Amino acid sequence: MRDPYEVLGVTKSASHADIKKAYRHLAKKYHPDHNKNDPKAASRFAEINTAYEIVGDEDKKAKFDKGEIGADGKPRFAGFEGFGGGPGGFGGFSKGGAPGGGRFDFNFGAQGFDASDILSDLFGGARRGPGAGGAARRGGDVVATARVPLETAIRGGSTRVVLPSGRSLDVSIPAGVEDGQQIRLRGQGQAGPVGAEAGDALITVKIAPHPRFRVEGRDLRLDLPVTLYEAALGAKVPVPTLSGTVELAVPAGSNGGRVLRLRGKGLPASDGKPAGDLYVSLKVMLPEAPDAEFEALMKKWRDGKPYDPRRGS
């Protein structure tokens with residue numbers, strides 16, 4: 001593994017903000033979605049994420065700087081401490097008895113020797129000794145974002161997500177999922193120490209912008225163009241919804257910007273939550289082509305029956 005500072009192109013004295021800035025720049029540059037024709041991009045992306053997992057975390061960074069962990073995030077084995085510092089690293093052995101044969105007296109100090117301490121050093125804190133609970137430390141969780149079209153959020157489906165490690169996963173999206181909802185994939189996070197379970201992958205669902213609808217929680221919003229005479233006289237007009245076109249009654253005398261609600265026409269019911277509503281904002285539109293008769297009518301109205309809609313505002 002390369003030095004994480006070298007991978008991110010920063011110095012050891014760089015601030016957390018500078019490290020984060022460098023990571024974001026490189027992650028965006030080498031993201032597999034942006035480099036589909038470059039087979040090396042995925043491995044470079046994974047290397048960048050691994051480096052940031054070390055120096056982007058204050059605790060891990062401090063341990064790496066002290067030499068307690070390596071560039072792969074695993075503890076460095078520095079020998080059997082407590083055996084003394086004699087030649088070969090095995091002081092604490094006193095040889096006695098007859099010349100050429102003899103016996104060895106093992107002196108481990110007043111506290112005695114606990115093999116679980118060595119296991120802890122070797123395997124990242126996984127203790128098996130009495131009083132340690134008999135459980136190894138679990139691997140860390142990872143986070144990622146799944147950006148899906150509105151149609152997938154409505155009906156459900158599958159999408160591919162790239163984890164910070166560069167590994168890709170196919171994530172099942174449940175029907176009726178909300179924007180910002182989190183999906184937990186157990187065992188898909190960072191590997192745990194020997195004997196421990198892996199962490200989880202926490203996938204946040206983001207609904208991509210739709211050309212027609214705007215998503216607000218479980219509700220939808222829609223701008224609906226109407227004619228001047230539909231707004232003035234009232235009318236029944238077709239409105240697109242997620243399940244097909246329906247008729248909406250526009251009350252007579254409706255102003256532009258008036259909001260009408262279609263109950264249950266938002267995101268479908270899911271996980272015990274009721275279906276959302278569709279809020280329709282009226283947008284009064286004038287004729288696109290010039291029309292002499294229409295202009296004459298508007299001038300007659302202006303001169304004969306003027307009114308000020310901005311009065312009091």
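This is a predicted model: local features need pLDDT of at least 70, side-chain atom pairs count only at pLDDT 80 or more; totals for chains, interfaces and linings use all residues.
In the hairpin formed by β4 and β5, where 5 residues lie between the strands, Gly166 adopts a positive phi near 95 degrees. Strands here are DSSP runs of E with at least two residues, helices are DSSP runs of H or I with at least four residues, and both are numbered from the N terminus.

Residues are numbered from 1 along each chain as its sequence is written, and side-chain values use heavy atoms, with hydrogens and water left out.

Taken as a whole, the protein contains 8 helices and 13 strands. Of its 313 residues, 31% are buried, where buried denotes under 20% relative accessible area, exposed over 50%, and partly exposed the range in between (1.4 Å probe, protein chains only). The protein exposes about 19,900 Å², of which carbon and sulfur atoms supply 52%; accessible areas come from the Shrake-Rupley method with a 1.4 Å probe, and for residues only the protein chains shown count as cover. Among the contacts in the protein with a separation of 6 or more, 47% are between residues 24 or more positions apart, contact meaning heavy atoms within 4.5 Å.

A second hairpin joins β10 to β11 through 2 residues. Gly234 is located in the loop between α7 (228-233) and β10, and it counts as partly exposed because its relative accessibility is 24%. Although Gly234 and Pro251 are 17 residues apart in sequence, their C-alpha atoms are 4.7 Å apart in space. When neighbours within four places in sequence are left aside, Gly234 is in contact with Tyr229, Val250, Pro251 and Ala252.

An open sheet of 3 strands is arranged in the order β3-β7-β6, with mixed pairing. Its edge strands are β3 (142-148) and β6 (182-185), each of which pairs on one side only. Neighbouring strands of this sheet are turned against each other by 30 degrees on average, direction ignored. Between β6 and strand β7 (residues 201-207), the pairing is antiparallel and extends over 4 bridges, and Ile183 has Ile203 in β7 as its bridge partner.

Among the helices, helix α3 (residues 41-55) and helix α4 (residues 58-65) pack at an angle of about 90 degrees, with their axes 5 Å apart. This angle makes α3 roughly perpendicular to α4. Axes are lines fitted to C-alpha atoms, for helices over the stretch in contact, and angles run from 0 to 180 degrees between N-to-C directions; those under 35 degrees count as roughly parallel, over 145 as roughly antiparallel, 65 to 115 as roughly perpendicular and the rest as oblique. The packing brings Glu53, Ile54 and Val55 in α3 against Lys60, Lys61 and Phe64 in α4. By class, the contact of α3 with α4 comprises 3 nonpolar, no polar and 3 charged residues, where Ala, Val, Leu, Ile, Met, Phe, Trp, Tyr, Cys and Pro count as nonpolar, Asp, Glu, Lys and Arg as charged, and the others, Gly among them, as polar. Lys61, which lies in helix α4, counts as buried because its relative accessibility is 13%. Not counting residues up to four places away in sequence, Lys61 touches Tyr5, Lys12, Ala14, Ile19, Ile54 and Val55.

Two further residues, Pro225 and Asp271, count as exposed. Pro225 is placed in strand β9 (residues 219-227) and has a relative accessibility of 53%. Its C-alpha atom is separated by 4.6 Å from that of Lys283, 58 residues away along the chain, and Pro225 touches Lys283 and Met285 when residues up to four places away in sequence are not counted. Asp271, in the loop between β12 (259-262) and β13 (278-285), has a relative accessible area of 65% and a positive phi of about 50 degrees although it is not a glycine.

Key
Two strands pair if DSSP finds at least two bridges between them.
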